[in-house]
Amino acid sequence: MKPAPFHYHAPKTIAETLDLLAEFADEDGRVLAGGQSLVPTMAFRLARPRHLIDINGVSELRYLEIQDGKLLIGAGVRHAALEKPVDNGPLGRLLGEVVRHVGHYPIRSRGTFCGSIAHADPASEWCAVAAALDAEMVAESKRGGLRVIPARDFFQGIMTTALRENELLTEVRLPILPKDTHVGFAEFSRRAGDYAVAMAVASYRLKSGMMTEMRIALGGAEAAPRRMNEAERTLIGRPPNSGAFQAAAHAVVKAIDPLDDANTSADYRRSIVRSMVCRALEQASA
Ligand SMILES: Cc1cc2nc3c(=O)[nH]c(=O)nc-3n(C[C@H](O)[C@H](O)[C@H](O)COP(=O)(O)OP(=O)(O)OC[C@H]3O[C@@H](n4cnc5c(N)ncnc54)[C@H](O)[C@@H]3O)c2cc1C
């Protein structure tokens, strides 16, 4: 099937993009970034935007830089840009590990980091990382100016975020992790490159051999990615070992309300989540 007819706009600047969104958002105007989620849904006519605002010509959005202890990822940055370590510390290692799980190479070379965040598929790897690291999303609109939205308020449900229709997600900010941060990531999908059934991101630091600054986040398991605060608390002050990891995985499984669909039952997802949390923590401690 071919997409329904639409008007195509190709702004060259952020200001032009915001003007177009102000004019057309109410008439179902949508941002086109890498097109790796939007175009297939248009081809199936599940989405029929009347205006497409293509940001691929906006060079101002193509930046990936470190400033004041944060990695700034502009809306023009493709997934594949994260394959090269962004720093020589744990954040670079984590992003370099995670990016390999985002679809296949052609998708990674076209799709954007911010597009994934804006699209908010529950099984998006970047959304899970953003939740784990308390990312900040920078949204701009002509009428509302600039808003910085913390990850805990941003992800609201299946493909539902705090972004307003007339807002452009211009940037996502991730904290540069201290050098001694232990990081781990694990996901399960049926075939390489498929969307994951569930995934877990874990990080911590050690103080006198005991875990501190714990972060555990899940993706793919529930409607939106989130940190598992209760499970994190069970690990603080304990040494990293398999008994502690299993206790945390148990706390996660008790706390979640898993997605349940024709391919994956809630019970099966729970058992996958248990394994992914243990594996992410084991990888962090390796
Ligand atoms: C076969 C296949 C397998 C895939 N596997 C995975 C996978 O394993 N993991 C995964 O995470 N993803 C996967 N994807 C999706 C891919 O990562 C997409 O690139 C991503 O979800 C969306 O990014 P995009 O830049 O392509 O956005 P687009 O498709 O252009 O846009 C997606 C949505 O976000 C909105 N949007 C995009 N950018 C902005 C912005 N800056 N501001 C406001 N709104 C914006 C658009 O209007 C649209 O509604 C897969 C895709 C395919 C086709």
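How much space lies in the largest cavity? The legends below treat the ligand, the pockets and this cavity in turn, all in a predicted model.

**Figure 1. The largest cavity of the predicted model, with about 70 Å³ of space.** The count of cavities of 30 Å³ or more comes to one. Its lining is formed by A33, G34, I55, N56, V58, R62, A75, G76, R78 and T112. By class, these lining residues divide into four nonpolar, four polar and two charged. T112, named here in the cavity lining, is also listed among the residues closest to the ligand.

**Figure 2. The shell of residues around the ligand.** The ligand is surrounded by 31 residues, and V31, S37, L38, T112 and E125 are the closest of them. At least two shell residues come from each of β2 (29–32), α5 (113–119) and β10 (168–175). Helix α5 provides the largest share of the shell, four residues. In composition, the shell comprises 13 nonpolar, 14 polar and four charged residues.

Figure 3. Taken alone, the ligand exposes 960 Å², of which the protein buries 89%.

**Figure 4. The largest pocket, in which the ligand sits.** This pocket has a volume of about 1,300 Å³. Its lining consists of 50 residues, with R30, S37, G115, A118 and H119 closest to the centre of the pocket. Two or more lining residues are given by each of β2, α2 (38–43), α5, α6 (125–132), β9 (160–161) and β10. Helix α5 gives the most to this lining, with five residues, and also supplies the largest share of the shell around the ligand. The lining of the largest pocket is made up of 23 nonpolar, 19 polar and eight charged residues.

**Figure 5. The second largest pocket, with about 410 Å³ of space.** The lining of this pocket numbers 17 residues. Nearest to the centre of the second largest pocket lie Y195, A196, D261, N263 and R269. Its lining residues fall into eight nonpolar, four polar and five charged.

Note on methods: Residues numbered from 1 in each chain as written. Predicted model: local features only at pLDDT ≥ 70, side-chain atom pairs only at ≥ 80, totals over all residues. Heavy atoms only, no water. Near = heavy atom within 4 Å. Areas by Shrake-Rupley, 256 points an atom, 1.4 Å probe, with all protein chains shown as cover. 1 Å grid on protein atoms, 1.4 Å probe; cavity = no way out; pocket = protein on both sides within 12 Å on 5 of 7 lines; lining within 4 Å. Sits in = over half its atoms within 2 Å of the grid points. Nonpolar A, V, L, I, M, F, W, Y, C, P; charged D, E, K, R; others polar. Points joined across faces, edges and corners; volume = space filled by probe spheres on them.
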